[in-house]
Amino acid sequence: MSKPQTLSIIACGKVGQTLARLWVQHSAIQLQDILNTTIASSTRAVAFIGAGRVASDYADLQAADIFLIAAPDDQIAACCTALANSGRLSAGNIVFHCSGALPASILASASRQGAAVASVHPIRSFAVPEKVVANFAGTYCGVEGEPAALDMLQPLFKAIGAQTVTIHGDNKVLYHAGAVFASNYLVTLMDTAVQAYGKAGIPPDVALKMMATLVRETTENVLQLGPEQALTGPIARGDVATVVRQYRAVNNWYQRYGRLYKQMGKLTAELARRRKTR
């Protein structure tokens, strides 16, 4: 049996801790160093993972086969440059990040040291790492980068139950925008619904309970049937009068929501037309 690859993590927050714990549990890698901005933070990460050594700075890093830079997007390039300048990189090393918005090419400073670079973005919310650890299997991960890096990384992710999907690096930002529409903006739309219910005299906690079945059933229908077949409501059935009346009421109440209603109405009408042509 071959010896596991060694891995060190820079800026090991919730994503890095979750992945590392999964890899350790599955004996997929040999975790080496954790380097965070503070010793205390690194110590907490090591405790959560159950393995690894706290590194005091870049100079304290040991040689490793793979380096994961799990920093926030605006810090990835700087962390990579610091790693490249540390002298710890050489040909054969793998350096990758987990950003959904940035391409692997942001790791250019590592490439100049001979390392192969990649990006692997798990399409999950890591707000509660323990929950993700418990049900990570089946998680889709968008991958792009150099073949040498992906050849090593994809088996590691598959070992913890991930399903990898290759994406085009030059359209990475649109890929991430898709996740924002599906998650972040869905939350915003639901908040808008809560505000509308509130104008009708319904308290927020009651509104959320009222919405629960509708939201869950709609989401399940979209995932099972596709957007076109899941669409219901006044636009889907051609009830223009109701749509106009609702738009006017929303716009009179709050023009920002009125503009949102109008734009969503136009897009929904296009979706309804697509259904009729299929």
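Is Val194 buried or exposed, and at what relative accessibility? At 10% relative accessibility, Val194 counts as buried, where buried means under 20% relative accessible area, exposed over 50% and partly exposed in between, with a 1.4 Å probe and protein chains only. Val194 is found in helix H8 (residues 184-199). Val194 and Leu208 are separated by 14 residues in sequence and by 7.0 Å in space, C-alpha to C-alpha.

The model is predicted: local features need pLDDT of at least 70, side-chain atom pairs count only at pLDDT 80 or more, and totals for chains, interfaces and linings use all residues. Residues are numbered from 1 along each chain as its sequence is written, and side-chain values use heavy atoms, with hydrogens and water left out.

Helices (H or I, at least four residues) and strands (E, at least two) are DSSP runs, numbered from the N terminus. Strand E1 (residues 5-10) is mostly covered, with 5 of its 6 residues buried. E1 pairs with strand E2 (residues 29-35) in the parallel sense over 5 bridges; a pairing requires at least two DSSP bridges between the strands. Gln5 stands opposite Ile29 in E2.

The structure holds 5 aromatic pairs. In one of them, the rings of Phe96 and Phe157 have centres 6.2 Å apart and planes at 80°, so the pair is edge-to-face. Rings of Phe, Tyr and Trp (its six-membered ring) pair if their centres lie within 6.5 Å; planes under 30 degrees apart count as stacked, over 60 as edge-to-face and the rest as tilted. The Phe96 and Phe157 pair links distant parts of the chain, 61 residues apart. Trp23, Phe96 and Phe157 form one aromatic cluster.

Another ring contact involves a charge: the charged end of Arg21 sits over the ring of Phe48, 4.4 Å from its centre. The criterion is NZ of Lys or CZ of Arg within 6 Å of the ring centre and within 35 degrees of the ring normal.

On the surface, Leu189, Leu260, Met264 and Leu267 form a nonpolar patch with about 290 Å² of accessible area together. Patches are made of residues with over 30% relative accessible area and no salt bridge, with nonpolar side chains joined within 5 Å and like charges within 9 Å. A salt bridge is a side-chain nitrogen of Lys or Arg within 4 Å of a carboxyl oxygen of Asp or Glu, and accessible areas come from the Shrake-Rupley method with a 1.4 Å probe. Helix H12 (residues 255-276) gives the most to the patch, with 3 residues. Leu267 lies in H12 and is partly exposed, with a relative accessible area of 42%.
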